[in-house]
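Dear colleague,

The notes after it set out what was found in it, and I would be grateful if you read them with the model open.

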Amino acid sequence: QKRVKLIGPILPVHPNELPSKMELREKLGLSREKPLIFAPVSGPVKERAYFTGVLRRIFKEFSEDYQIVMSLGYPNASTRPVKNGNLKIYKWLPNRFEYLKACDLVIARAGHGTLTQSICYGKPLVLVPTPSHTEQLNNAKRAVELGIAEMVEQDNLSKQTLLAAVLKVLEADGLKERIRGIQGDVLKLNGLETASQIIEEAGVGDK
């Protein structure tokens, strides 16, 4: 499967195009033993700033047993991380897919982009959907039903609730197998080929 350009400056990368999880951790200077949490933040600027502030405060209180990488999603901003103990914060992360493959768990909103990318990379999630955002709420609930995610409502977001969700995901029986099974099914699909077939069958562009 070839790289396909999506909206935005980052090209998605097929998981098989990247080195192994542990090879990436060595390349990125990350511990091989400590669980890695990856938190890519997305959404409208004002809403993203609020979510970023809350997560930053919570992550600073997380145990040193975890390593956390947070991406704020500001294109063309600095790619140098701000470090605070076990937390690294990037304003922009051009190699986000390397961190996605290297991580053990994703904490994010429940938008289609991050959710589908995490599934493609076989990563379980802790989802914090944007309040009153029907699409994200439905996405999060469906991911929970599939057994590949936990959901924390923003109004209940705290160190205690987020850490409890993280532990539940990392320690849940069968979760890794479920997400890998779904990942295997997804990676068999060819999005470009399917889209081309649908367009052809619909006669789009015919005169």
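Residues are numbered from 1 along each chain as its sequence is written, and side-chain values use heavy atoms, with hydrogens and water left out.

Overall picture

The average pLDDT (the predictor's confidence in each residue, from 0 to 100) is 87, and 86% of the residues score at least 70. Residues 1-9 have a pLDDT below 50, and this stretch makes 13 contacts in the model beyond near neighbours in sequence; a contact means heavy atoms within 4.5 Å. Where pLDDT is low, the predicted coordinates should not be read in detail.

The protein has 8 helices and 7 strands. These elements are DSSP runs numbered from the N terminus, helices being H or I with at least four residues and strands E with at least two. Of the 207 residues, 42% are buried. Buried means under 20% relative accessible area, exposed over 50%, and partly exposed in between, with a 1.4 Å probe and protein chains only. Among contacts between residues at least 6 apart in sequence, 60% join residues at least 24 apart.

Nonpolar cores

A nonpolar core here is a set of buried Ala, Val, Leu, Ile, Met, Phe, Trp, Tyr and Cys residues joined through side-chain atoms within 4.5 Å. The largest has 28 residues, and Phe38, Val69, Tyr99, Leu100 and Leu127 touch the most other members. Two or more residues come from each of helix H1 (21-28), strand E1 (36-40), helix H3 (96-102), strand E5 (105-108), helix H4 (112-120), strand E6 (125-127) and helix H5 (134-145). H3 gives the largest share, 4 residues. Apart from this core lies another, of 26 residues, among them Leu72, Leu105, Ile107 and Val169.

Not counting residues up to four places away in sequence, the contacts of Leu127 include Ala108, Leu115, Ala140, Ala143 and Met151.

Helix H5

The 12 residues of H5 should span 16 Å at 1.5 Å a residue, and its end C-alpha atoms are 16 Å apart, which agrees; the expected span is 1.5 Å times one less than the number of residues. Its buried residues include Gln136, Asn139, Ala140 and Ala143. The arc is that of the directions from the helix axis to the C-beta atoms. The cover over these buried residues includes H4, E6 and strand E7 (149-151). On the face turned away from the buried side are the exposed residues Thr134 and Glu145. Gly147, which follows H5, has a positive phi near 80°.

Helix H6

Helix H6 (residues 159-171) has 13 residues, which should span 18 Å at 1.5 Å a residue; its end C-alpha atoms are 18 Å apart, in agreement. Leu162, Ala165, Val166 and Val169 are buried in H6. They cover an arc of only 100° around the axis, which puts them on the same side of H6. Their cover includes E1, helix H2 (45-60), E5, E6, E7 and helix H7 (175-187). The face turned away from the buried side carries the exposed residues Gln160, Lys168 and Glu171.

Single residues

Arg25 is found in helix H1 and counts as buried, at 1% relative accessibility. Beyond residues up to four places away in sequence, its contacts include Ser31, Gln67, Cys103 and Asp104.

Ile119, in helix H4, is also buried, with a relative accessible area of 14%. Its C-alpha atom is separated by 7.2 Å from that of Ile182, 63 residues apart along the chain. Leaving aside neighbours within four places in sequence, Ile119 is in contact with Ile148, Ile179, Ile182, Gln183 and Val186.

Asn76 lies in the loop between strand E2 (67-71) and strand E3 (82-84) and is exposed, with a relative accessible area of 79%. Ser132 lies in the loop between E6 and H5 and is exposed, with a relative accessible area of 74%.

With kind regards
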